[in-house]
Amino acid sequence: MIEIINICKSFEDHLVLDSLNLTIQAGETMVIIGRSGCGKSVLLKHIIGILKPDSGQVIIDGNDITRMSEKELNNLRLKFGMLFQGAALFDSLTIGENVGFSLKERRYDEAAINSRVKECLAMVGLKGIDDLKPSELSGGMRKRAGLARAICTNPQIVLYDEPTTGVDPIMADAVNELIIELHKRLNITSIVVTHDMVSAYKVATRVAMLYKGKIIEVGTPEEIKNTKNPIVHQFIKGLAAGPITEEG
Amino acid sequence: MDITSRFGKRLLAFFNYMGAVSVLFYQTLFWMFTSRIRKNHILDQMNKIGVSSLPIVLLTSMFTGIVLALQSAYQMQKISATLYIASLVALSMTRELGPVLTALVVAGRVGASITAELGTMKVTEQIDALETLAANPIQYLVVPRFLATVIMLPLLTVYADFIGMFGGYLVGVYKLGISHSIYIRMTYEPLMFKDIFSGLFKSVIFAIIISIIGCYEGFRTEGGAEGVGRSTTLSVVISFILIIASDCLFTAIFYFAF
């Protein structure tokens, strides 16, 4: 279980997360929605410990990661996989080396790495591209390769930062299917950050909306669709007029 | 805002900057001594930083040696002391021009490339990705570049010293008519251990400056391609200033202390 308790984070004078609270149950797919630049990715980076909050706690399976040393954090990160918005594949490495990066860092033997890399690439529908460089792949393929890298260590928690942004609708649906399949097959806890509502409804167990640094509503996709909150309503319907645009 | 407070702010920003750079230097040393050494990464960086820089370093020092000999001949001929050109070139190259010119060339070529590479990794979230994969970016990215620069810059300086002296030799022997054996003797006789040591010591300091500033500017890059360009320029400018300033400081220390 992941508990985010009262976290605040500012960049210079701009308050991005403002006493934010959220609990994510083990095995669920939590989708965090919100406008671009509202702090969704920042929240994700707090969950994996890349960013430290100014105050508050992030508790993962009973351990507060904001108080952990670098070594403890690195050990904890073995439980995580993360898919970045632009995939963040290492340009200087091949796709195979990218996917097997974590295993190589942990000094697995070459044969075990190769077999796991092939398995993960097959899982995301990218057989036989181990020797290509990231620059030789399309946006959608890079996303899937990034996903293969994220799941290579059999993580218990996978974080997805805008998994369907920048890919065509068909590829976006394929990525959604992949998230659902991985969730079912590996029984992982997934946290998906997106502003793509089609994707959100499709993959979510629960949806949380981030607005002005706080989670203003959490519910199942059905509850979110029938929300009474005018801010959430404007966002999910994609309306230009409403409280979000009026408040600025 | 009055001039005093503006100066104070600038001074504060300078100390902040130097503090952050020192922290990165300390962390680099920490990871260098406490984690496994990635031999392949270091060798790869030594190739990029050292071997690839060799042609331009040789070219620069060769021309510098020639120019130094020609310019000093202009003066020395007036007092019939052309023989001493060999000693002048040898001492100038080993104590000063070899280390400084090599460092400036490497800062322009390698420092910029380190910043551009790490800066691009930063803005495309590759450095964040490293952390999520439980790899420390300082251990993985900075330590190999730091070690490679600290090993290769003094080696490049040795080459630069020799080639610079060879440039002087060409002018001395083929233009000024000094005999081969006298020129060679006048080159190595005045050279003492401290001359060579002070030059190589400075080149180690310059290597630390180039690698740490290059990595620091790369790590703090923000704002896409424009940010990468800005960081790369800053990295070269700051490295140049620190190289010249530390050269002045260590030359003075060596002059007064030894």
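Is B:Arg185 buried, exposed or partly exposed, and how many C-beta neighbours inside 10 Å does B:Arg185 have? B:Arg185 has 14 such neighbours and therefore counts as partly exposed. The scale runs on C-beta atoms placed from the backbone: a residue is buried if 20 or more others lie within 10 Å of its own, exposed if 12 or fewer, and partly exposed in between.

The model is predicted: local features need pLDDT of at least 70, side-chain atom pairs count only at pLDDT 80 or more, and totals for chains, interfaces and linings use all residues. Residues are numbered from 1 along each chain as its sequence is written, while chains are lettered from A and ligands numbered from 1 in the order in which they are written.

Confidence in chain A was examined through pLDDT, the predictor's confidence in each residue, from 0 to 100. The average over chain A is 89. A score of at least 70 is reached by 99% of its residues. The highest mean in chain A, 94, belongs to helix α3 (residues 95-99). The lowest, 79, belongs to helix α11 (residues 243-247) of chain A.

Chain B contains nine helices and zero strands. Helices (H or I, at least four residues) and strands (E, at least two) are DSSP runs, numbered from the N terminus. The C-alpha trace of chain B spans about 65 × 55 × 35 Å along its principal axes. Of its 258 residues, 43% count as buried. Contacts were assigned where C-beta atoms, placed from the backbone, lie within 7 Å. Among the contacts in chain B with a separation of 6 or more, 89% join residues 24 or more positions apart.

Helix α1 of chain B has 32 residues. From first C-alpha to last, α1(B) reaches 46 Å, close to the 46 Å expected at 1.5 Å a residue. That expected span is 1.5 Å times one less than the number of residues. Two of the 32 residues of α1(B) are buried, so the helix lies largely in the open.

The axes of α1 (residues 3-34) and α8 (residues 193-219) of chain B come within 10 Å and cross at roughly 105 degrees. Axes are lines fitted to C-alpha atoms, for helices over the stretch in contact, and angles run from 0 to 180 degrees between N-to-C directions. On α1(B), the contact is made by B:Ala20, B:Val21, B:Leu24, B:Phe25 and B:Thr28. On α8(B), B:Ile208, B:Ile212, B:Ile213, B:Cys215 and B:Tyr216 take part. These residues divide into nine nonpolar, one polar and no charged. Nonpolar here covers Ala, Val, Leu, Ile, Met, Phe, Trp, Tyr, Cys and Pro; charged covers Asp, Glu, Lys and Arg; the others, Gly among them, are polar. B:Arg185 is placed in helix α7 (residues 180-188) of chain B. B:Arg185 and B:Ile213 are 28 residues apart in sequence and 41 Å apart in space, C-alpha to C-alpha.

Two residues of chain A have positive phi without being glycine. A:Ala87 has phi near 75 degrees. A:Ala87 sits in the loop between β6 and α3 of chain A and counts as buried, with 27 C-beta neighbours inside 10 Å. A:Lys212 has phi of about 50 degrees. A:Lys212 is in the loop between β9 (206-211) and β10 (214-219) of chain A and counts as partly exposed, with 16 such neighbours.

Terms used: Two residues are in contact if their C-beta atoms, placed from the backbone, lie within 7 Å.
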